[in-house]
Amino acid sequence: MIYTIDYYTHKQCAPDWNLNDESLPYYNITFVFAGEATFVIDGKEVVCLAGDCLFLYPGAKRKAWTNPENPMVCAAFNIVDIPYAINLPHVMSFRKNSRISFYIREFDAAYRREPKNRLQLSALITLLLCELDVVGRLTNQSNPHIELAEQHIKENICSPMSADDIAKIVHLNPTYFGTLFKRCTGESVMGYINYYKMIAAASFLSDPKISVTEASEKVGFSDIYYFSKVFKKHYGISPTSFKKGEFPKRNFESYTLNHADSIIRFATIPFEPQSGKAVFSFCLVANYLPMHLSAFAPPMRPLLIGRISTWLFRFSRTVFFGR
């Protein structure tokens with residue numbers, strides 16, 4: 001899918017920056033990294049701060065100005081056409097989505113290096129739109145109780161916690177809270193908790209001074225056997241093997257979907273750069289993961305495609321360029 005990118009910039013605005021009132025003939029996507037700007041969209045005033053994304057459709061009337069005391073730093077794209085249906089809110093927050101910032105950095109580097117390489121630039125735009133689709137759906141389903149729950153989980157990720165504990169903190173019935181959390185985040189409460197606990201656990205295990213037992217305790221697990229079970233479910237290997245750096249050759253065809261998705265989500269299992277083993281493993285992943293897409297319901301496929309693309313992009317860069 002090739003996009004026509006009419007305009008792109010990544011800059012800090014001057015204190016007197018402004019946009020005159022106009023009707024847009026293209027899609028406009030603006031990511032705010034710092035500072036503050038006010039946009040008037042179809043007569044409605046919106047203040048955008050760091051971490052906000054503005055998505056405008058063709059035909060939208062827009063004018064804007066920045067706060068002269070706090071000029072906006074942003075990346076902006078004008079895309080002539082997006083050849084498929086897309087339904088995103090005008091304003092979204094990408095603060096929690098690190099992949100968006102990563103894709104923008106990659107796009108900026110690619111644009112400066114080869115501004116006419118439409119294939120590469122379009123691939124990165126596709127990845128951005130995949131992530132914005134996820135952010136947009138969560139924005140449409142945002143709920144203050146769920147936002148409070150997410151904040152509490154992340155701030156106390158090294159403490160023991162259960163779904164019922166979180167439900168009490170946000171003052172909701174546990175059954176209703178579980179249903180609401182799943183609808184807003186796409187994950188169960190415990191799945192969400194373990195997602196972040198395993199990220200923290202992998203970080204602890206990377207420290208040679210911290211044992212598996214200590215890592216388990218540091219992320220709030222009192223049962224080392226249950227910790228090992230959860231860790232292996234997420235990463236596909238035991239914490240002991242992870243600690244020792246024992247990453248055996250794997251037949252990716254026999255991977256469960258959860259294991260494949262875990263590698264894509266966390267992208268922490270190291271491979272030997274520029275080695276035959278790494279190239280062989282890369283080819284297995286590239287060949288077999290797309291075969292699993294048919295097992296997913298259609299609404300989930302764009303998300304998985306985005307994850308696969310992210311992982312393959314990062315991994316191929318490591319394998320073939322050593323960085």
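These are my notebook entries on a predicted model, taken from the whole protein down to single residues.

**Entry 1. Overall make-up.**
I began with the inventory of secondary structure and found 12 helices and 9 strands in the protein. I then looked up burial, and of the 323 residues 45% are buried. For the contacts with a separation of 6 or more, I noted that 74% join residues 24 or more positions apart. The accessible surface comes to about 16,700 Å², and carbon and sulfur atoms account for 55% of that area.

**Entry 2. The sheet.**
I traced an open sheet of 5 strands, whose order is β1-β8-β3-β6-β9 and whose pairing is antiparallel. The edges are taken by β1 (5-12) and β9 (91-93); each has a single partner strand, so one side of each lacks a neighbour in the sheet. From one strand to the next I recorded an average twist of 15°. I also checked what covers the sheet: helix α1 (residues 98-113) lies across β1, β3 and β8 (73-79), and its direction makes an angle of about 110° with β1.

**Entry 3. Strand β6 and its partners.**
I next followed β6 (residues 52-56) to β3 (residues 27-34), to which it is joined by 4 bridges in an antiparallel run. Within this pair I found I29 opposite F55 and T30 opposite L54. With β9, β6 forms 3 bridges, again antiparallel.

I then asked how many residues of β6 are buried. The count is 5 of 5, and the strand is mostly covered. In a regular strand, side chains alternate between the two faces of the sheet.

**Entry 4. D52.**
A polar atom of the D52 side chain lies 2.8 Å from the backbone nitrogen of L49. Beyond four places in sequence, I recorded contacts of D52 with T30, F31, V32, V47, M92, S93, F94 and R95.

**Entry 5. The largest nonpolar core.**
I turned to the largest nonpolar core, which has 29 residues; I29, F31, F55, F77, L129 and L132 touch the most other members. At least two residues of this core come from each of β3, β6, β8, α1 and α2 (118-140). The greatest contribution is from α2, with 8 residues.

I took I29 as an example and listed its contacts, leaving out residues up to four places away in sequence: C53, L54, F55, A75, A76, F77, I79, L129 and L132.

**Entry 6. K197.**
Last, I looked up a lysine in helix α6 (residues 189-205), namely K197. Is K197 buried or exposed? Its relative accessibility is 3%, and K197 is counted as buried because that is under 20%. I then examined where its side chain leads: it reaches the backbone oxygen of S159 at 2.8 Å. Apart from residues up to four places away in sequence, K197 touches I157, C158, S159, V219, G220 and F221. I also noted K154, which is 43 residues from K197 along the chain, with 9.0 Å between the two C-alpha atoms.

Conventions
Residues are numbered from 1 along each chain as its sequence is written. This is a predicted model: local features need pLDDT of at least 70, side-chain atom pairs count only at pLDDT 80 or more; totals for chains, interfaces and linings use all residues. Side-chain values use heavy atoms; hydrogens and water are left out. Buried means under 20% relative accessible area, exposed over 50%, partly exposed in between (1.4 Å probe, protein chains only). Contact means heavy atoms within 4.5 Å. A polar contact is a pair of N or O atoms within 3.5 Å; within protein, one must be able to donate a hydrogen and the other to accept it, and residues adjacent in sequence count only if both atoms are side-chain atoms. Two strands pair if DSSP finds at least two bridges between them. Axes are lines fitted to C-alpha atoms, for helices over the stretch in contact, and angles run from 0 to 180 degrees between N-to-C directions. Accessible areas come from the Shrake-Rupley method with a 1.4 Å probe; for residues, only the protein chains shown count as cover. A nonpolar core is a set of buried Ala, Val, Leu, Ile, Met, Phe, Trp, Tyr and Cys residues joined through side-chain atoms within 4.5 Å.
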